[in-house]
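Hello,

Here is the structure I promised to pass on. Please open it first, then read my notes below.

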Amino acid sequence: MSAPFIAVEQLRKTYSVKRGLFGRGRPLHAVDGVSFEVEAGGTFGLVGESGSGKSTIARMLLAAEPASAGRLRVGEHALERLGRQGARQFHRTVQPVLQDPYSALSPLMRIGRIVDEPMRIHRLHRPSVLDARAAELLSLVGLDPVMARRYPHELSGGQRQRVAIARALGVEPRAMVLDEPVSALDVSIQAQILNLLKDLQRERGLTYVLISHDLAVVAHMSSRVGVLYLGEFMEIGSRDEVVGQARHPYTQALIAASESRVDASRAAAGEIPSPMERPAGCPFQSRCPHASARCRVEKPALRALSPTHWIACHHDVPAIRIAPEAVAA
Ligand SMILES: Nc1ncnc2c1ncn2[C@@H]1O[C@H](COP(=O)(O)OP(=O)(O)OP(=O)(O)O)[C@@H](O)[C@H]1O
Ligand SMILES: [Mg+2]
């Protein structure tokens, strides 16, 4: 395999959380030693329930927040060694598309201005050609260029997310971090936006990190998938391995939730422990139907089931076999 376009190694983020005004800060391990790679033009899907650390990883990938430890490289840019100029280049290389297009778009700006703003910031074009460039980007994402004169509140949710994608594409990024890009949209619109993202990826060779709490969305889009729980990977592998032959009890719970269309943000029974009171042993033990005495004391390390498929589980739980198409509704 050629060198991966994105490489993340033992990435950690620890916040200090204070109780009360004069309380001592206590550590909250939001991301706790996460490693993965994404090949150029590929999609890595990150899935996990609320609070598992997905957006924290996204912010570090976007250089919006420094890592507490570990290494992160996108293209030729290593996050730990970005000077001012490097940071500028980095922000051009990796662009975000976030969950809620309405709050991401300034309500007082016309769509054309919203789309050309990143190009202005990066001084990519002469002012006289910016209008034409914005019109081009709007048609690229399937919008009528006359939309440039409208305001965000005049658009539907799906149209607003198309605007956010056009805005991201203006600086000709090589990678995009998509953090819950369709979670705020009606189910009928979700597939349209995901397919637009797929088409753009194919045409432009873009590399994606796609974040969702919905395994069906991740399965539809990704070549590799990592399943996150309390800031750590429980399972990581190719899409067909993780979604088609899930071996970790947590992934299996996510699949069951996805199939029955229950609220996927609460996939397994029981409460997610607070990241500030992580249990000794396996992080998932309190909700796991297979938990044994060993799981309460000994933390399972990731172990290989195949050259590409890893789980952090002491047990050999039989795979749940399910066709990826079944979840990729
Ligand atoms: N700035 C911060 N200060 C303190 N704790 C934080 C901060 N940002 C996130 N956290 C905590 O880190 C953990 C991971 O949060 P994160 O937002 O990354 O989760 P997520 O997987 O994106 O969840 P969701 O699906 O709800 O978006 C949570 O326990 C959260 O409360
Ligand atoms: Mg999030």
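Contact here means heavy atoms within 4.5 Å. This is a predicted model, where local features need pLDDT of at least 70, side-chain atom pairs count only at pLDDT 80 or more, and totals for chains, interfaces and linings use all residues. Residues are numbered from 1 along each chain as its sequence is written, chains are lettered from A and ligands numbered from 1 in the order in which they are written, and side-chain values use heavy atoms, with hydrogens and water left out.

Start with M176. Leaving aside neighbours within four places in sequence, M176 is in contact with Q95, V97, A168, L169, L197, L206, T207, Y208 and V209.

Next, the cores. A nonpolar core is a set of buried Ala, Val, Leu, Ile, Met, Phe, Trp, Tyr and Cys residues joined through side-chain atoms within 4.5 Å. Buried means under 20% relative accessible area (1.4 Å probe, protein chains only). The largest core has 52 residues. V115, V163, I165, L169, M176 and L197 touch the most other members. Helix α6 (residues 157–169) gives this core its largest share, six residues. A second, separate core has 27 residues, including V8 and V209.

Now α6 itself. Helices are DSSP runs of H or I, at least four residues, and strands are runs of E, at least two, numbered from the N terminus. Ten of the 13 residues of α6 are buried, so this helix is largely enclosed by the rest of the structure. Among them are G158, R160 and L169.

Last, a hairpin joins β12 to β13 through two residues. R303 stands opposite I311 in β13.

Best wishes

Note on methods. Buried < 20%, exposed > 50% of the residue type's maximum accessible area, 1.4 Å probe, protein only. Pairing = 2+ DSSP bridges.
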